[in-house]
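Here is a short tour of the model, to be read with the structure open beside you.

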Amino acid sequence: MKQMVKIIRKVDVEKQYERILRLELDYELASLFEAMQVKDEAEIEKSKKRLKEIQEELESLFAYE
């Protein structure tokens, strides 16, 4: 029984983490768009780097499904 509760909690935490990553993804895409509008190369690169990190984190979450 304890093991089942532990598994359920882990799944809940992973789902919550996925939702947070997706919100962060939306925010970073908006930041990238804004940086592109004003042609801020430093911010563009920063956003691209963070988007890549988010993508890798999401892929690692789905790798275990």
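## Contacts along the chain

Among contacts between residues at least 6 apart in sequence, 57% join residues at least 24 apart; a contact here means heavy atoms within 4.5 Å. This is a predicted model, in which local features need pLDDT of at least 70 and side-chain atom pairs count only at pLDDT 80 or more, while totals for chains, interfaces and linings use all residues. Residues are numbered from 1 along each chain as its sequence is written, and side-chain values use heavy atoms, with hydrogens and water left out.

## Overall form

The chain has 2 helices and 0 strands; these are DSSP runs numbered from the N terminus, with helices being H or I of at least four residues and strands being E of at least two. Its radius of gyration is 16 Å, well over the 11 Å that the globule rule gives for 65 residues, so the chain is more spread out than a compact globule. That radius is taken over C-alpha atoms, and the rule is 2.2 Å times the number of residues to the power 0.38. Along the principal axes, the C-alpha atoms fill a box of roughly 55 × 15 × 15 Å.

## Surface and charge

Of the 65 residues in the chain, 20% are buried. Buried means under 20% relative accessible area, exposed means over 50%, and partly exposed lies in between (1.4 Å probe, protein chains only). The accessible surface comes to about 5,800 Å², and 59% of it belongs to carbon and sulfur atoms; the areas come from the Shrake-Rupley method with a 1.4 Å probe, and for residues only the protein chains shown count as cover.

There are 13 positive and 16 negative side chains, with the centres of the two sets 8 Å apart. Lys and Arg count as positive and Asp and Glu as negative, leaving out His and the chain ends. Each charge is placed at NZ of Lys, CZ of Arg, CG of Asp or CD of Glu.

## Helix α1 and its buried residues

Helix α1 has 36 residues and reaches 53 Å from its first C-alpha to its last, close to the 52 Å expected at 1.5 Å a residue. The expected span is 1.5 Å times one less than the number of residues. Glu18, Leu21, Glu28, Ser31, Leu32 and Ala35 are buried in α1, and the buried residues of this helix pack against α2 (41-62).

Val11 belongs to α1 and is partly exposed at 35% relative accessibility; its C-alpha is separated from that of Gln37, 26 residues away along the chain, by 39 Å. Arg22 also sits in α1 (residues 2-37), and it is partly exposed at 38%.

## Where the helices meet

Arg22 touches Leu58 and Phe62, not counting residues up to four places away in sequence.

Ser47, in helix α2, is buried with a relative accessible area of 1%. With residues up to four places away in sequence set aside, Ser47 touches Glu28, Ser31 and Leu32.

## The loop residue Lys39

Lys39 lies in the loop between α1 and α2 and is exposed, with a relative accessible area of 65%. Its phi is near 55 degrees, a positive value in a residue other than glycine. Most residues other than glycine have a negative phi.
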